Amino acid sequence: MGAGGVLGAAHVGVGHALEQRRFRPDVIIGISAGALNGTVAAAHPDRAAPWLERVWTQLRRRGVYQLGFPASRAGIFTERGLRRLIARAGLPTRVEELTVPFTAVAMDLVTGAPSLLDRDDLTTALLASAAIPGLLPPVARDGRTLVDGGVIAYVPVPAALRAGAASMVVVPTGPESSPRPATVPPRRAGAVASRAGLLLMRRQIERDLAEASRRLPAVVLPTGTDVWPAPWDFRHSRRLIEAASATAGRFLDDRRVSGPGLYRAEGDPATATAAGHDAAASARTRRAPRSTPARAGL
């Protein structure tokens, strides 16, 4: 389950589609918002989506991103809001006590290496995975200083490969995970930086999916959203949830997984080229009639 901040509401819609089809992953790996949503799914498989929907549709920016007092030098906001959200979820205190095996991905701020948090204290694992550099303070854990794992992998495909996944159900969010339409190059500084950042993350996601799909089935679930809200605007949560639930459900009902490859919605030009597959393999993926979701979840 990928990063995305407020856009993580789309995870909830995908969760509805999966739970309705009685899909239960063998392991869940999440980054940032994907870690927060994923740990609830790991604690309450088969019934996490309705609870998450209630939470997401009631969230407001000040409930998550709260200014610290006194102000922290390590982040603009305090982690108090996230701590409250985690406490309300009825989670166990340790990662290994979750019903479904779970890993939160963070980044070591000293070495830049990924940190796979699959045991010990659950709250600090989630806070570390969601500690957006500059916005939320880093988390000290096991002698390391950890921040948001989305810095090194916006969707935790590499972590799933290292964990030995036999197949993946990939739940990305945000414009970084969608095809970038051709456009006139932006001219204003902010637009230039935004466009470059989107393309950088898109390239990273496609590279990781290409590597994974050569070895195993990688099913990328669509969210049905083309126009994404601002990262701090929680007012669109219900729209994101409903769009993802309907779109992912239709996708799952019209797909069959039949071996290694990249399985994703039609209309994405990266389907064949990013995976490095020939046209015939891509065509087999597109015309598969029914869905047999992969057994190991991401």
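**Group meeting: a walk through a predicted model**

Good morning. The protein chain has a secondary structure of 11 helices and 10 strands. Please keep in mind throughout that this is a predicted model. The chain has 298 residues, and 53% of them count as buried. Among contacts with a separation of 6 or more, 74% are made by residues 24 or more positions apart.

I shall start with the nonpolar interior. In soluble globular proteins, nonpolar side chains tend to be buried together. Here, the largest nonpolar core has 55 residues, and Trp56, Phe102 and Leu221 have the most contacts inside it. Several elements each supply at least two residues of this core: helices H1 (9–20), H2 (33–43), H3, H5 (80–88), H6 (122–129) and H9, together with strand S4 (102–108). Apart from this core lies another, of 21 residues, including Ile31, Val155, Met168 and Leu209.

What does Leu221 touch, leaving aside its neighbours within four places in sequence? Leu221 is in contact with Val14, Leu18, Val169, Val170, Pro172, Phe251 and Leu252.

Pro172 lies in the loop between strand S8 (168–170) and helix H8. Is Pro172 buried or exposed? Its relative accessible area is 8%, and the cut-off for buried is under 20%, so Pro172 is buried. The C-alpha atoms of Pro172 and Ile205 are 9.1 Å apart, although 33 residues separate the two along the chain.

Ile205 brings us to helix H8, where it is one of the buried residues. H8 covers residues 189–213, which is 25 residues. From first C-alpha to last, H8 reaches 36 Å, close to the 36 Å expected at 1.5 Å a residue. Its buried residues are Leu198, Arg202, Gln204, Ile205, Glu206, Asp208, Leu209, Ala210, Ala212 and Ser213. Gln204, also in H8, has a relative accessibility of 13% and therefore counts as buried. Setting aside residues up to four places away in sequence, Gln204 touches Val151, Ile152, Ala153 and Tyr154. With Tyr154 there is a specific pairing: a polar atom of the Gln204 side chain lies 2.8 Å from the backbone nitrogen of Tyr154.

Let us turn to helix H2. Nine of the 11 residues of H2 are buried, so this helix is largely enclosed by the rest of the structure. The buried residues are Ala33, Gly34, Ala35, Asn37, Gly38, Thr39, Val40, Ala42 and Ala43. They pack against H1, S1, H3, S4 and H6.

Next comes a pair of helices. Two packed helices are described by the angle between their axes and the distance between the axes. How do the axes of H3 (residues 48–58) and H9 (residues 237–253) cross? They come within 8 Å and cross at roughly 145 degrees. On the H3 side, Glu53, Trp56 and Thr57 take part, and they meet Ser237, Arg238 and Ile241 in H9. By class, this contact has two nonpolar, two polar and two charged residues.

Ala243, found in H9, touches Thr223, Gly224 and Thr225, not counting residues up to four places away in sequence. The C-alpha atoms of Ala243 and Thr223 are separated by 6.4 Å, and the two residues are 20 residues apart along the chain. Arg255 is buried because its relative accessible area is 7%, under the 20% cut-off. The side chain of Arg255 makes a polar contact, at 3.2 Å, with the side chain of Asp254.

Finally, a point about the backbone. Most residues other than glycine have a negative phi, and most peptide bonds are trans. Which residues here have a positive phi without being glycine? Arg22 is one of them, with phi near 60 degrees, and Asp46 is another, at about 80 degrees. Arg22 is found in the loop between H1 and strand S1 (28–31), whereas Asp46 lies in the loop between H2 and H3. Arg22 is exposed, with a relative accessible area of 78%, while Asp46 is partly exposed, at 46%.

Thank you for your attention.

Technical notes: Residues are numbered from 1 along each chain as its sequence is written. This is a predicted model: local features need pLDDT of at least 70, side-chain atom pairs count only at pLDDT 80 or more; totals for chains, interfaces and linings use all residues. Side-chain values use heavy atoms; hydrogens and water are left out. Axes are lines fitted to C-alpha atoms, for helices over the stretch in contact, and angles run from 0 to 180 degrees between N-to-C directions. Helices (H or I, at least four residues) and strands (E, at least two) are DSSP runs, numbered from the N terminus. Contact means heavy atoms within 4.5 Å. Ala, Val, Leu, Ile, Met, Phe, Trp, Tyr, Cys and Pro count as nonpolar, Asp, Glu, Lys and Arg as charged, and the others, Gly among them, as polar. The expected span of a helix is 1.5 Å times one less than its number of residues. Buried means under 20% relative accessible area, exposed over 50%, partly exposed in between (1.4 Å probe, protein chains only). A nonpolar core is a set of buried Ala, Val, Leu, Ile, Met, Phe, Trp, Tyr and Cys residues joined through side-chain atoms within 4.5 Å. A polar contact is a pair of N or O atoms within 3.5 Å; within protein, one must be able to donate a hydrogen and the other to accept it, and residues adjacent in sequence count only if both atoms are side-chain atoms.
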